[in-house]
Amino acid sequence: SDQRLAGKVAIVTGCSSGIGQGIAVRLAKDGADIVVNYHSDQAGGEATKAQIEALGRKAVVIGADVSKLPEIQPLIDAAWSNFGRADILVNNAGVEKGANFWEANEADYDLVLQVNLKGPYFTTQAFVKKLIETKMPGRVINISSVHEEMVFPHFASYCASKGGLMMLMRDLAVELGPFGITVNNIAPGAIATPINKSLLNDRSKLDPLLRNIPLGRMGTVDDVSAVAAFLASDEASYVTGSTYVVDGGLMRNYKEQ
Ligand code: NAD
């Protein structure tokens, strides 16, 4: 087959919308069967499944909150029970909560850190345990953000979570390399998805941002999915411990606001 992910199985968290949905469909286009995870939007999960099936691939839809350990294990197990294997884990689920730092509350902090950092930590742990047990190699791809490195005033918890995800990726690349498991991050810049709909609807915020993006446009879900498909493929077999920035040059051109 000319499909570079033929015979592979991918688990994609939070793929009822946005970047996760785009990645799930793109990996299916390249030949993979998909475990579709959603949190609250089951209809969105079913829509992702329908797109995958329209490509001739298989999908199973699993509701799970990736910040809750008892819900993670069944999500990972679904790959083995439905497809007999899993090769790729995409930790995509993420949330952001903006506030002045001096006004931010504990509940928002906990939500952001638990979904964006604890989620990938324990989802990866459950995935890797199965790989080590079955002596299989694997790929872990985290969707972090340019804010794993770049400041985002009024989003301190988000920056802390994505900065943590950067060091988690680097650490696991070293610890899991001997098992043939690679770990990499994709750091999207400004991508047009539901997470930033308030920005997209506010020209007074959007215009200055676009002026800071050297390529002069917002990114698309497809821009991010193409890099995920590469990192999941055999062509990336020697890539581990890296962040792939997909931001139209934003990070290199950052000016303090
Ligand atoms: P989105 O809001 O469409 O996607 C986030 C997804 O995470 C949703 O499907 C949501 O249901 C899911 N989710 C939230 N909490 C969850 C939980 N507890 N368990 C399971 N799933 C949960 O927005 P998006 O832009 O597609 O975001 C996807 C990822 O990309 C996030 O990690 C986000 O931080 C990152 N990101 C986005 C941008 C951007 O500009 N859109 C930029 C950088 C990074």
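This is a predicted model: local features need pLDDT of at least 70, side-chain atom pairs count only at pLDDT 80 or more; totals for chains, interfaces and linings use all residues.
Ala 236 is buried, with a relative accessible area of 1%, where buried means under 20% relative accessible area, exposed over 50%, and partly exposed in between, with a 1.4 Å probe and protein chains only. This residue sits in the loop between α8 and β7 (243–246); helices (H or I, at least four residues) and strands (E, at least two) are DSSP runs, numbered from the N terminus. Leaving aside neighbours within four places in sequence, Ala 236 is in contact with Arg 139, Phe 230 and Leu 231, contact being heavy atoms within 4.5 Å.

Residues are numbered from 1 along each chain as its sequence is written, and side-chain values use heavy atoms, with hydrogens and water left out.

Let me turn to the chain as a whole. It contains eight helices and seven strands. The C-alpha trace spans about 50 × 35 × 35 Å along its principal axes. Among contacts between residues at least 6 apart in sequence, 74% join residues at least 24 apart.

The accessible surface comes to about 12100 Å², and carbon and sulfur atoms account for 53% of it. These areas come from the Shrake-Rupley method with a 1.4 Å probe; for residues, only the protein chains shown count as cover. As for charge, the mean positions of the 24 positive and 28 negative charges are 4 Å apart. Lys and Arg count as positive and Asp and Glu as negative, with His and the chain ends not counted; the place of a charge is NZ of Lys, CZ of Arg, CG of Asp or CD of Glu.

I come now to the interior. In soluble globular proteins, nonpolar side chains tend to be buried together. A nonpolar core is here a set of buried Ala, Val, Leu, Ile, Met, Phe, Trp, Tyr and Cys residues joined through side-chain atoms within 4.5 Å. The largest such core has 33 residues, of which Ile 23, Leu 27, Ile 34, Ile 52, Val 90, Ile 141 and Ile 186 touch the most other members. Two or more residues each come from β1 (9–12), α1 (18–29), β2 (33–38), β3 (59–63), β4 (88–91), β5 (138–143) and α8 (221–232). Which element gives the most to this core? It is α8, with seven residues. Apart from this core lies another, of 31 residues, among them Leu 89, Leu 131, Leu 168 and Val 183.

Beyond its neighbours within four places in sequence, Val 90 is in contact with Ile 11, Val 12, Thr 13, Ile 23, Leu 27, Ile 141 and Ile 143. Val 12, in strand β1, is buried, with a relative accessible area of 0%. With the sequence neighbours again set aside, the contacts of Val 12 include Gly 20, Ala 24, Leu 27, Ile 34 and Val 90.

A further valine, Val 115, lies in helix α4 (residues 106–133) and is buried at 10% relative accessible area. Its contacts outside four places in sequence include Val 66, Ala 93 and Val 95. The C-alpha atoms of Val 115 and Ser 161, 46 residues apart along the chain, are separated by 8.8 Å.

Lys 135, in the loop between α4 and β5, has a positive phi of about 55° although it is not a glycine. Is Lys 135 buried or exposed? At 74% relative accessibility, Lys 135 counts as exposed. His 154, in the loop between β5 and α5 (156–176), likewise is not a glycine and has a positive phi of about 80°. With a relative accessible area of 45%, His 154 is partly exposed.
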